[in-house]
Amino acid sequence: MMSVTSIARNKVLPFLRKSTKMQSTASLSSLVKLEEKQGYAVVSMQKTPVNSLSLEMIQALSQSLIELEKNKCKGIILTSACPGIFSAGLDIREMYQPTDDRLNQFWSSLQTLWLQLYGSKMATVALINGHAPAGGCLLAMCCDSRIMLNGKSKIGLNETKLGIVAPSWFKDTFVNTIGVRQSERALQLGSLFSPEEALKIGLVDKLVPDMETATAVAEAELKEFLQIPGMARYLSKMKIREAAIKDLSETREADLNQFVNFAKTDAVQKGLGLYLQSLAKKN
Ligand SMILES: CCCCC/C=C\C/C=C\C/C=C/C(=O)SCCNC(=O)CCNC(=O)[C@H](O)C(C)(C)COP(=O)(O)OP(=O)(O)OC[C@H]1O[C@@H](n2cnc3c(N)ncnc32)[C@H](O)[C@@H]1OP(=O)(O)O
């Protein structure tokens, strides 16, 4: 098995682990690109056009983290290869008129990805080079630091605008990032923030004017985290995150049932259908 450190610089890593529920190696590796750098890896989402988090995309990200941790990778920069978009969040088509089996797999895989990334021993920096609504914002918040490209992109948990509710663990992640009051307001309003606004409320840590600067700043940020003794850094992170992680770990089944029942209600299905239409009408 190839290790992250043994492959040629910038070479794309294949996904190697087999699992009955996981997609094939070929389909997973086309969605996420892993590039080895000196002592860390860049994880680029490349599901065109908007990095929507479909079941396959979620599993590809999960599989990437498994491989990286197995290969003793110490840190990652999570970013996007899709111009102007970090991630459009959960793939709405997964929740609209789904089959029971697929919907179950979809949510369960998302729970797994969140537990992996939010609780990762690796140092994690999100380089948010475009829009990051809902699930896209969640991915970024799972990281230890967020660098956002300044410009017209928006970030936030906009679920209520779709007529859905951010689950408790989305809320916990939000609260741990920006605090209770800002979360309460932004969750209700489904607020999407400009980079300047996101910086002001602590949703992102630094803004950068262009991609060249962004890469350098993200690398410097990751190195700062990696200079701290790994165990001390990880356990300190867990002091903040462990309650939320324990909560979902202990209630996965109930959370899954709640999501599935909620997603299948007529009101939610109608709302998602209208939202998909409004996205399609734009084009
Ligand atoms: C009380 C009980 C609680 C239980 C919990 C229950 C439910 C909660 C469940 C889940 C939480 C949900 C989390 C989410 O992440 S929902 C998704 C939210 N995302 C969005 O709202 C973003 C929507 N997209 C956009 O705003 C824009 O696309 C963009 C990201 C700003 C990019 O704009 P741009 O103009 O560049 O692209 P287009 O809009 O033209 O899009 C191109 C293409 O992509 C399709 N698309 C966009 N976003 C999604 C998506 N999230 N899922 C699927 N498809 C998407 C879009 O329709 C276009 O498709 P086309 O075929 O027309 O080319």
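These legends walk through several close-up views of a predicted model.

View 1. Most peptide bonds are trans.

**View 2. Q97 is an exposed loop residue with a positive phi.** The loop shown here runs between α3 (92-95) and α4 (100-118), and Q97 is part of it. Although Q97 is not a glycine, its phi is positive, at about 45°. Most residues other than glycine have a negative phi. Is Q97 buried or exposed? Q97 counts as exposed because it has 10 C-beta neighbours inside 10 Å, and the cut-off for exposed is 12 or fewer.

**View 3. A134 has a positive phi and is buried.** Here is another non-glycine residue with a positive phi, again about 45°. A134 belongs to the loop between β6 (130-133) and α5 (135-142). With 25 other C-beta atoms within 10 Å, A134 is buried, since the cut-off for buried is 20 or more. Keep A134 in mind for the ligand view, where A134 is listed among the closest residues.

**View 4. Three strands form an open parallel sheet.** Follow the strands in the order β4-β6-β8; their pairing is parallel. Which strands stand at the edges? They are β4 (84-85) and β8 (155-156), and because each has a single partner strand, one side of each is left without a neighbour in the sheet. The parallel pairing of β6 with β8 runs over 2 bridges. To find this pairing on the model, look for P133, whose bridge partner in β8 is G156. Helix α5 packs on the sheet and touches both β6 and β8. The direction of α5 makes about 95° with that of β6.

**View 5. The ligand is surrounded by 30 residues.** The closest of them are A88, G89, L90, A134 and G135. Several elements give two or more residues to this shell: β4, α3, β6, α10 (230-263) and α11 (266-282). Which element supplies the largest share? That is α10, with 4 residues. By class, the shell holds 18 nonpolar, 8 polar and 4 charged residues.

**View 6. Helices α6 and α10 run roughly antiparallel.** The axes of α6 (residues 168-178) and α10 come within 10 Å and cross at roughly 175°. This crossing makes α6 roughly antiparallel to α10, because angles over 145 degrees fall in that class. On the α6 side, the residues to look for are W169, D172, T173 and N176. They meet I240, R241, A244 and L248 of α10. Sorted by class, this contact has 4 nonpolar, 2 polar and 2 charged residues.

**View 7. L110 is a buried residue of helix α4.** Look along α4 for L110. This leucine counts as buried because 24 other C-beta atoms lie within 10 Å. T79 and L110 are 31 residues apart in sequence. In space, the two are 18 Å apart, C-alpha to C-alpha.

Key:
Residues are numbered from 1 along each chain as its sequence is written. This is a predicted model: local features need pLDDT of at least 70, side-chain atom pairs count only at pLDDT 80 or more; totals for chains, interfaces and linings use all residues. Two strands pair if DSSP finds at least two bridges between them. Two residues are in contact if their C-beta atoms, placed from the backbone, lie within 7 Å. Axes are lines fitted to C-alpha atoms, for helices over the stretch in contact, and angles run from 0 to 180 degrees between N-to-C directions. A residue is near a molecule or strand if its C-beta atom, placed from the backbone, lies within 6 Å of it. Ala, Val, Leu, Ile, Met, Phe, Trp, Tyr, Cys and Pro count as nonpolar, Asp, Glu, Lys and Arg as charged, and the others, Gly among them, as polar. Angles under 35 degrees count as roughly parallel, over 145 as roughly antiparallel, 65 to 115 as roughly perpendicular and the rest as oblique.
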